[in-house]
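Dear colleague,

I am handing over the structure below, and after it I set out what was found when it was examined. Please read the notes with the coordinates open beside you.

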Amino acid sequence: MNDFGEGFGLYLKDGIIAIAEALTLSDSRPGQIAGILALMTIVLSVWYIIRTRRQLSAVQLLDKKIRSYPDIRSFAEGHGELIHELRSGFPKRGPRETVWEAFDEFNETVVRDDIDGPPAIRNSIRPASFLNVDDLGFGPGFFRILPNTLVSAGLLLTFLGLVAALHQFSQSMDVGAEGMDGAMRDFMQIASAKFVMSLVGLFCSIVFTFLLRTRQNKLDAALHRLCIGIERRLVFVSLEDLGFRQLRAATEQREYLREIGMGMVAELQKPLEALPDRITGAIADKMDPIFDRVSSMGTSNMEGLVGNLSDQLSHSVGNALTRASESLGRQRIGSASWLTG
């Protein structure tokens with residue numbers, strides 16, 4: 001087992017040294033590798049510029065169509081026409097289709113409002129929730145790792161070159177003093193040449209990082225401008241606005257109910273005000289015939305009626321006095337018999 005481990009370790013070491021010597025043993029090899037790194041950086045930069053240019057073109061085209069409507073009212077009036085135009089002509093394979101799908105998703109969250117006056121398109125969600133770099137997939141993607149990859153590749157190649165130089169220097173240490181000085185001089189020249197690859201890798205990383213940040217910032221600015229252009233043509237539905245609308249509706253409903261109540265009271269009061277006159281008139285209508293009959297009776301009838309009433313009153317008074325005298329007489333007799341007894 002130990003022999004296998006030692007053999008495998010030696011084989012791996014020799015393989016790494018062979019690769020290092022193959023990559024860096026020639027004096028022109030570091031320059032060639034540095035040129036490959038620079039060429040790779042140029043190719044990747046052009047690819048990234050083309051990619052971001054298509055994305056910017058899609059965002060700026062949609063922003064141009066949105067800003068063709070100057071204000072809220074014109075945007076609300078032409079909203080249907082705009083959506084039809086975008087649906088029929090805007091989507092194309094690539095970034096334009098992605099931008100349209102995101103805008104169409106946002107368009108599903110808006111509502112048309114013409115209750116308070118001129119028509120307006122109201123939104124409850126910010127367009128930036130749909131039209132942003134992350135949701136659109138317009139981020140740098142794998143290009144994000146390229147700056148670090150270029151630096152790491154340059155360092156890896158440099159260390160491979162140093163490994164090859166050290167191996168070559170170790171083989172030339174058995175010579176005399178003059179040979180030793182020459183071997184040391186050759187080692188320093190080789191080592192200095194190998195650091196060229198690290199410098200080129202670092203330079204390529206700096207250039208690509210600058211390009212990456214610049215294009216991403218430009219894309220972010222274009223998306224921010226698009227979202228601002230959309231919001232300037234919409235009316236945002238905030239919680240405060242909803243609360244104010246509910247309060248105003250409740251106030252209007254209260255005033256309307258009060259008006260209905262006052263109207264009902266007024267309508268019910270009218271027949272009540274006319275009721276006394278109607279009652280008086282009805283009583284008068286019923287009593288007038290009676291008064292007419294009484295007035296039409298003769299004087300003789302009235303005298304007979306009065307005489308009868310007088311006789312009845314006299315008879316009643318006489319009876320009452322007689323009963324009172326009899327009662328007093330009985331009380332006197334009772335008192336006298338009690339005293340004599």
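Arg126 counts as partly exposed, because its relative accessibility is 38%, and its salt-bridge partner is Glu231, with 2.7 Å between the closest N and O atoms. This pair joins distant parts of the chain, since Glu231 belongs to helix 8 (residues 177–231) while Arg126 sits in the loop between strand 2 (120–123) and helix 6 (133–136), 105 residues apart. Glu231 is likewise partly exposed, with a relative accessible area of 22%, a value that lies just on the partly exposed side of the 20% limit under which a residue is called buried. Please bear in mind throughout that the model is a predicted one.

Salt bridges

The search of the whole structure finds 7 salt bridges, and besides the pair already described I would draw your attention to the following ones.

Asp113 forms a salt bridge with Arg122, the closest N and O atoms being 3.6 Å apart.

Arg73 and Glu77 form another salt bridge, in which the closest N and O atoms are 3.3 Å apart. The two residues are 4 positions apart in helix 3 (residues 72–77), so that about one helical turn separates them. Arg73 counts as partly exposed at 47% relative accessibility, whereas Glu77, at 52%, counts as exposed; the assignments fall on either side of the 50% cut-off, so the two labels should be read together with their values.

Finally, Asp63, Arg67 and Arg225 are linked in a network of salt bridges.

Overall architecture

The secondary structure of the protein comes to 10 helices and 3 strands, and along the sequence these elements follow the pattern α-α-α-α-α-β-β-α-α-α-β-α-α. Of its 341 residues, 27% count as buried, and the accessible surface comes to about 23,200 Å², with 62% of that area belonging to carbon and sulfur atoms. Among the contacts with a sequence separation of 6 or more, 78% are between residues 24 or more positions apart.

Leu212 lies in helix 8 and counts as buried, because its relative accessibility is 7%. Leaving aside neighbours within four places in sequence, Leu212 is in contact with Tyr48, Pro140, Phe143 and Arg144.

The cavity

How many cavities of 30 Å³ or more does a search of the whole structure find? The search returns 1 cavity of that kind, and about 40 Å³ of space lies in the largest cavity. Its lining is made up of Phe75, His79, Phe103, Phe106, Asn107, Val110, Ile121, Ile230 and Leu234. Helix 5 (residues 95–107) gives the most to this lining, with 3 residues.

With kind regards

Definitions and conventions:
Residues numbered from 1 in each chain as written. Predicted model: local features only at pLDDT ≥ 70, side-chain atom pairs only at ≥ 80, totals over all residues. Heavy atoms only, no water. Buried < 20%, exposed > 50% of the residue type's maximum accessible area, 1.4 Å probe, protein only. Contact = heavy atoms within 4.5 Å. Areas by Shrake-Rupley, 256 points an atom, 1.4 Å probe, with all protein chains shown as cover. 1 Å grid on protein atoms, 1.4 Å probe; cavity = no way out; pocket = protein on both sides within 12 Å on 5 of 7 lines; lining within 4 Å. Points joined across faces, edges and corners; volume = space filled by probe spheres on them. Salt bridge = Lys/Arg side-chain N within 4 Å of Asp/Glu carboxyl O.
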